[in-house]
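Here are my notes on the model you sent. Please read them with the structure open.

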Amino acid sequence: MNIVRIENVFKEYTLGTSQVQALKGINLQIKSGEFLAIAGPSGSGKSTLLNLIGCIDTPSSGKIYINNQDVSGQTPDQLSELRARTIGFIFQTFNLFSVLSAAENVEYPLLQFKELTASKRQERIIKFLDIVGLQAFAHHRPNQLSGGQRQRVAIARALATHPKVILADEPTANLDHKTGEDILQLMKQINRDSGTTFIFSTHDAKVMAMAERLVRIEDGRLVEEDRVLA
Ligand code: ADP
Ligand code: ADP
């Protein structure tokens, strides 16, 4: 099953009086369970594409289907519901709340679901901090954690809502090489264990090499890499 289907998508930004064509006719189908890298240099359109898949932004033209739902046919409320129940986000700058503990950061996105009682939330906090290897750090705040540990909290937070797809925008860009590799390995392990689809962007060749499928963006156009990956 295709969890993401992108058909002839264009995205244009208006900057003052000039227009930037960030995406120029993207077609892409992503199957449930894939571990996919979107590779390309800075400014090639990676973030724009991830933001469209994550329903944070809408295309100028073309169609996007997430979990077989046409994103353009949704009201803003339906879209935030789709996003909350289907997508998890990981960012290059971690985007944790600095005043909240690791456990509270993981809990935060769960608070929007009325059906999750405090004890259910607690179960998920424990489960996902355990999966990322941070059970002993539940009460640490982000500034008491290393970069790699912060990204692990962000991964636990992204997983906690049971999303179908995790979108990671340059997840290793602010980590040293070894830590970045560990984070990618963890994501890959979770992908294998849970079947959660991962789509991550990178401009780092070593990170690209850890993908199971690679697509390249160059100047808003997509090229599939024709190779079998590890
Ligand atoms: P990448 O993630 O590969 O670095 P982006 O998707 O951020 O690329 O950017 C693609 C192009 O779109 C670039 O030319 C960038 O300057 C432009 N762009 C991105 N976001 C905006 C925006 N909000 N307004 C105007 N131009 C933008
Ligand atoms: P239940 O809802 O009955 O507790 P599971 O514990 O099997 O069901 O899984 C619930 C959610 O947790 C699913 O979305 C699944 O993808 C995710 N999940 C389960 N095991 C892992 C794991 N090892 N790593 C990441 N996510 C997991």
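1. Is phenylalanine 97 buried, partly exposed or exposed? Phenylalanine 97 is partly exposed, because its relative accessible area is 38%. Buried means under 20% relative accessible area, exposed means over 50%, and partly exposed lies in between (1.4 Å probe, protein chains only). The residue sits in the loop between β6 (87-90) and α3 (102-107). Helices (H or I, at least four residues) and strands (E, at least two) are DSSP runs, numbered from the N terminus.

2. A word on the basis. This is a predicted model: local features need pLDDT of at least 70, side-chain atom pairs count only at pLDDT 80 or more, and totals for chains, interfaces and linings use all residues. Residues are numbered from 1 along each chain as its sequence is written, chains are lettered from A and ligands numbered from 1 in the order in which they are written, and side-chain values use heavy atoms, with hydrogens and water left out.

3. Phe97 also belongs to a surface patch. Together with Tyr108 and Leu111, Phe97 makes a nonpolar patch of about 300 Å². Patches take residues with over 30% relative accessible area and no salt bridge; like charges are joined within 9 Å, nonpolar side chains (Val, Leu, Ile, Met, Phe, Trp, Tyr) within 5 Å. Accessible areas come from the Shrake-Rupley method with a 1.4 Å probe; for residues, only the protein chains shown count as cover. A salt bridge is a side-chain nitrogen of Lys or Arg within 4 Å of a carboxyl oxygen of Asp or Glu.

4. Next, asparagine 105. This residue lies in helix α3. Asparagine 105 counts as buried because its relative accessibility is 1%. Beyond its neighbours within four places in sequence, asparagine 105 is in contact (heavy atoms within 4.5 Å) with Leu96, Phe97, Leu100, Pro142, Val153 and Arg157.

5. Now the six-stranded sheet. The sheet is open, with order β6-β7-β8-β3-β9-β10 and mixed pairing. Two strands pair if DSSP finds at least two bridges between them. β6 and β10 (221-224) are the edge strands, each pairing on one side only. On average, neighbouring strands here are turned by 20° against each other, direction ignored. Strands β3 (35-39) and β8 (197-202) run parallel and are joined by five bridges. Leucine 36 stands opposite isoleucine 199 in β8.

6. Two helices go with this sheet. Helix α6 (177-194) packs on the sheet and touches β3, β7 and β8; its direction makes about 160° with that of β8. Helix α5 (147-160) lies across β6 and β7 (165-169), at about 170° to β6. Axes are lines fitted to C-alpha atoms, for helices over the stretch in contact, and angles run from 0 to 180 degrees between N-to-C directions.

7. The four-stranded sheet is open too, in the order β2-β1-β4-β5, with antiparallel pairing. Its edge strands are β2 (18-31) and β5 (69-70); each pairs on one side only. Strands β1 (2-15) and β4 (61-66) pair over five bridges. Arginine 5 has tyrosine 65 in β4 as its bridge partner. Helix α1 (46-53) lies across β1, β2 and β4, at about 125° to β1.

8. Please check two backbone angles. Asparagine 8, in strand β1, has a positive phi near 50° without being a glycine. Asparagine 95, in the loop between β6 and α3, has a positive phi of about 55° and is not a glycine either. Asparagine 8 is partly exposed at 42% relative accessible area. Asparagine 95 is partly exposed at 40% relative accessibility.
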